[in-house]
Amino acid sequence: MLNIALPKGRLGDKVYRLFSEMGYDCPSINEDNRKLVFTNERNGVSYLLVKPSDVAIYVEHGAADVGVVGKDVLLEGGNDVYELMDLHLGKCRMAVAAPNDYVDDPNGILRVATKYPNIAKNYYRSLNREIDIIKLNGSIELAPILGLSDVIVDIVETGSTLRENNLKVVTEFLNISARFIANKSSFKFKSEIIEQMLSRLKEAVSHD
Ligand code: PRP
């Protein structure tokens, strides 16, 4: 049995459809219920639906053999897993954003609100810029509106959340997309089924 960790939500739905078309379907997953584990004995897969930010933790500790996770979460967590493939799904950018009328004072300490403190610290370290991090868990856009921070570091997909909150992109500094990852010992001991999955993924994923 291969345990696959999927991020609950839009990305997970897309990834499940892809895996299902590749022969790893598990019809019970489409039943409307609150179950978190779905197994198909026939093709030997079991799906675990987890919080997107937890996928790499399940995989690192071997609770899942493989998983799909955004590059943002992977960079932030620094988990010890194999990153096997870019799935070219869930594409977005990591950006610095600020209120429309914001003007940077390069001499001041910048107050940065984010869900991604490690990514933000690394980015500003590369610029030699001194910052204070305000770690939030969601609705980051509120922070500069309320004066809690000067800027935010967050993912931008369509840009509509920023627009609707009168914020603008200051700079985009990282392309993000979903990655197929594996637990290091699973990759050794379940190599046959993981390699098969990987080659089916390579056939199925378009590179547009
Ligand atoms: C993410 C991100 C932005 C939004 C960007 O939030 O934090 O708020 O999506 O998408 P857009 O550019 O298409 O508007 P998410 O939906 O993950 O919710 P969260 O605020 O709870 O983190």
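How do the residues of the lining of the second largest pocket divide into nonpolar, polar and charged? They divide into 7 nonpolar, 4 polar and 7 charged, where Ala, Val, Leu, Ile, Met, Phe, Trp, Tyr, Cys and Pro count as nonpolar, Asp, Glu, Lys and Arg as charged, and the others, Gly among them, as polar. Helix 1 gives the most to this lining, with 4 residues.

Before going on, a word on the model. It is predicted, with local features needing pLDDT of at least 70 and side-chain atom pairs pLDDT 80 or more, while totals for chains, interfaces and linings use all residues. Residues are numbered from 1 along each chain as its sequence is written, and side-chain values use heavy atoms, leaving out hydrogens and water.

A pocket here is an open set of points on a 1 Å grid over the protein atoms alone, where a 1.4 Å probe fits, with protein on both sides within 12 Å along at least five of seven lines; lining residues have an atom within 4 Å of a point. Let's turn to the largest pocket, whose space is taken by the ligand (more than half of the ligand's atoms lie within 2 Å of the grid points). Helix 3 gives the most to its lining, with 4 residues.

Now look at the ligand itself. Among the residues that surround it are Lys-115, Gly-138 and Ser-160, each with a heavy atom within 4 Å. Oxygen atoms of the ligand lie 2.6 Å from a polar side-chain atom of Asp-154 and 2.4 Å from one of Thr-161.

Key:
Polar contact = N/O pair within 3.5 Å; in protein donor to acceptor, adjacent residues only side chain to side chain. Helix = DSSP H or I, 4+ residues; strand = E, 2+ residues; numbered from the N terminus.
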